[in-house]
Amino acid sequence: PKALDSEAPRGTPPGIAASADVDSVGWLVDWHIEERLRGLRFWSQCFLFLVAAALGAATCWLWPWLAAAASWAGAVPAAGGVGALAALFAAVWSMAWRLARVAWVCVVLTASLLWTSFKAKRASETGSAAIWEMAHRVHARYLLEAVTELSGFYVKVAQTLAIQTAIPEPYHKELSKLQDAMPAEPHDEVELTLAEELGANWRSRVRLHPGPPLGSATIAQVHRATLWLPGTGGVDKEVEGVVKVQHRRMSGNLTVDMHAARFLATAFAFVSPALFDDMADVIRDVAFLTKNELDFRKEAENQQQARDAANAAGSSIIIPRVHGELVTPRLLAMEYIVGTKFADFAKSATQEGKLKMVRSLLDFFAFSFTKAGIFNCDPHPGNLLITEDSCLCVLDWGQARHLTPNEMEAYSLLFVAASLDDPFQMVAAGEKIGQTYQENAALSMTGALRFLMRDSRPLQMSKDDMVQLEGVFARFGEFSEFGDIKGDSMGILRGPLLPLSKTVDLLHNVSTRMEVSLNLLQVFTKQGYELLVKRHAAAAHIEEPEVREAAGGLILCPAVCDAAPACVPAAAAALDARLRALLAGAHARGDVLGAQAVVLDATSGAVLCDLALGHTSYLQAHAVTRATPFNIRELSKLHLAVGVLRLVETGALRLDQTLGELWPAARNLRDVTLEQVLSHTSGAIHVLPRGVSTLEMLTDLPAMLQHLESSGFGPLLPPGSRQQYSPLVFGWLLAGALQGVGKDLEACLGPVRGDLALNLDAARRRHGPGVAESTKEMGSSSVDDMARMFGQIKDFLDVCAKAKAQGSSAEEKADGEAYITVHGRAHWLHPAATQQPAFAASELPGFVAYDTARGLAELLVQVEKGHVLRTETVRDMKRSRRPPTGGEPKLPVDLDHFAGREWGLGAELIAGGKSGGEAPGWGHTSSGGSFALVLPGPRPVAVAFLLNRVDGWNKGISSQVLKAVTEFAAGRSPAA
């Protein structure tokens, strides 16, 4: 495509100088575009002539009958009936005429794009790119001409389109001219409007400066003016300012355009419901925002309120002062701000200057969303100025959204939900602003909001994001099970969330067009998050932590370290110091929220290290102490496995017993043995069984056992054929086996339970509100985050596609079944799900429980020393049960940490040997970074490391802690 601007075509006559090549080619390109446009204009005129003729003929034909009918009905006098009909016909004719023009533009562009696509497919790769480039240039200029001629509502749509990063560059270049360079009305028409608004003596109050307007946009144009305002003592004072004067006939045209747009949206939805089913709702909401711009009295109120809020907060943002004495429905007078257009500033400013200005813009809007009570819904570059002293000025407050205190809190929660990728918080925030949706839809909407607020970055990279997103939606379209994802994601563009989404999208595109890389989500979240933390601290009567920005996201400070007294042995003291330094550094980077680390001598049980740091959660920020219970999640499988093995030792259970003997009602599980359940080789590789319809059902243990019996639940793979971690089914199958011998979880765990709590409510009853809750990081949608998200979706869809492919193997079908049943219920596996009422009061064995790092480490020591289980049982527990020939395990995102892990009897084996061999290190890790392990060596230790954030492995802190303790156990210096 660049060849169109830089190279001469083949066959250029040798007489043309090389320096003239570029100019001659540019002329040829412009000539070609103009020739194409001339043809489009000709056919447009022909079409519109036929439309006008048809409308005229219809009017002449219908007029006598309608007039006679009105008179005959006697509802109004004949003259009145004729007048009413004339007015009705004028409105209908105007709407039909503008609708026909819009429809024709749509038809022309659609047909031309189809023809271009046909030609491009037949050309080479280089030729195809050139064909598309030329087509985009022609279409962009044609669209600019059509929108300029139509004006009104369509200009607002084009202005929004102009700044989108997803559109080809020619459209941005042409449509950007609409930001503040619309054709201006003649001077005499402006004066006529002033006379209508201020009266015949308007010149005694306003004197327009000669020359063209400062700017002309969709609704109005702005002129420099001298203003006379009421002063003290009855004497008017003279000030220099500007007047914003609404275009004549704008109100009528906008009303017609809005109705026409709704009609077109309805028609499109009828033709293609899958693509346009919600377009009418979106247009209705956009039209409502646009209609508010028609009354400048509302705009004046908005502008003054925003100015007062910004001044009260000490913001550097400038909002022009309104002269309320000269405000009418179509006239707005305000102070004159000398400044540079935002787009012009971007061309000349340094990268540092652009970064500073965009950060100032984002900070102001974060303040507007969460504290000011009002925000500007139309922050396109035409509404932004840079003043002479390098301050940002925000103009045009016609499209503004007022927020109540409840709505500002909801926006704060909304940003926190997006930062935490928390669909449950998203639902709670939506309910506060009247937006209700199902939990599974909230998952897609949270992802969509995170994508909308992704980090801004250079233009081409942002375009690549959009291409990848379209590719993802195209892949989803291949599966009927995923048909609802795109519609759910588009929920952020409807109803109460539309103004926010529109504004954030414009701000992201402004940042991208400035070639600035910024963490938008973190900027938007910080100010509202500070208010939420402060409010909870006051309610809970705890010290209010400070919210700071760090490389890894927002952090709470200070993070006081609660530690046991320093150990006497020098090596243990060095280990303690190293772990303190690791955790303090990770917290400072924003990689840790709250943590506990305990290291015990595996032989004597002596405490080598016992420390805690951070806060229990992002919103309920209690300080973490050594006695704070954490949700140990998957680590609770250790307690369950040890409890079952104790029953095996007593003879109540046998490892070779089948579930058919223990749990006859679960008919399809009859061939699975207890040993296979404990070793994750049962073949039941489901993540979530089919038929579980609610979160309440998932967390109701008796209901789940009954469902597994009645639904015909069974292994997807032959028992014993593959070792693959089972997150939820492990606990249900053991609970069913225990039920068969008259035992429940309490009886099974009794001897090894210690201070373990099986749900959140039980933990809070014992320890109060200061329980460390599982959470994702409060992070941004960074480049790496976007790449990871697209990669995970691709992997997920690849597994599902292989399962559906003809000739797929039994293992591929089993993997596909395990994956596809997660769709629509993935939020049940979200860390925040465990704080929901359904989880808080129920039991999910082997997946949710609360304990301290000290409690876990002491359990490991007791088992290793043979105080809980017999020595031979412990040795058998540590023997690998991995089948010699088993397929490669496949686990969905958030569980893939366990892919390829090796297991004994409920124990994860560390540095395990070959199949059937005994592993020296054992215990359990979690997908989120927590672990409880016995590590052998000259100085054998039991270590428990707990995190309430579930990204410990990704951030590297879990690996660093494990490395430090492993080196200590191996006898190496911890400082090495």
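Author: Helices (H or I, at least four residues) and strands (E, at least two) are DSSP runs numbered from the N terminus, and two strands pair if DSSP finds at least two bridges between them. This is a predicted model, in which local features need pLDDT of at least 70, side-chain atom pairs count only at pLDDT 80 or more, and totals for chains, interfaces and linings use all residues. Residues are numbered from 1 along each chain as its sequence is written, and side-chain values use heavy atoms, without hydrogens or water.

The protein averages a pLDDT (the predictor's confidence in each residue, from 0 to 100) of 82, with the highest element mean, 97, in strand E22. As an example of pairing, strands E12 (residues 546–550) and E13 (residues 553–557) run antiparallel over 5 bridges, forming a hairpin with 2 residues between them, and Ala550 has Gly553 as its bridge partner.

As for cavities (on a 1 Å grid over the protein atoms alone, points where a 1.4 Å probe fits but cannot get out, lined by residues with an atom within 4 Å), there are 3 of 30 Å³ or more. The largest has a volume of about 80 Å³, and its lining has 13 residues, of which Leu749, Leu758, Pro845, Gly846 and Val848 lie nearest its centre. Two or more lining residues come from each of helix H22 (636–650) and helix H28 (745–749), and H22 gives the largest share, 3 residues. The second largest cavity holds about 60 Å³ of space, and its lining includes Asn631, Arg633, Ser774 and Leu947.

Terms used. On a 1 Å grid over the protein atoms alone, a cavity is a set of points where a 1.4 Å probe fits but cannot get out, and a pocket is an open set with protein on both sides within 12 Å along at least five of seven lines; lining residues have an atom within 4 Å of a point. Grid points are joined across faces, edges and corners, and a volume is the space filled by probe spheres set on the points.
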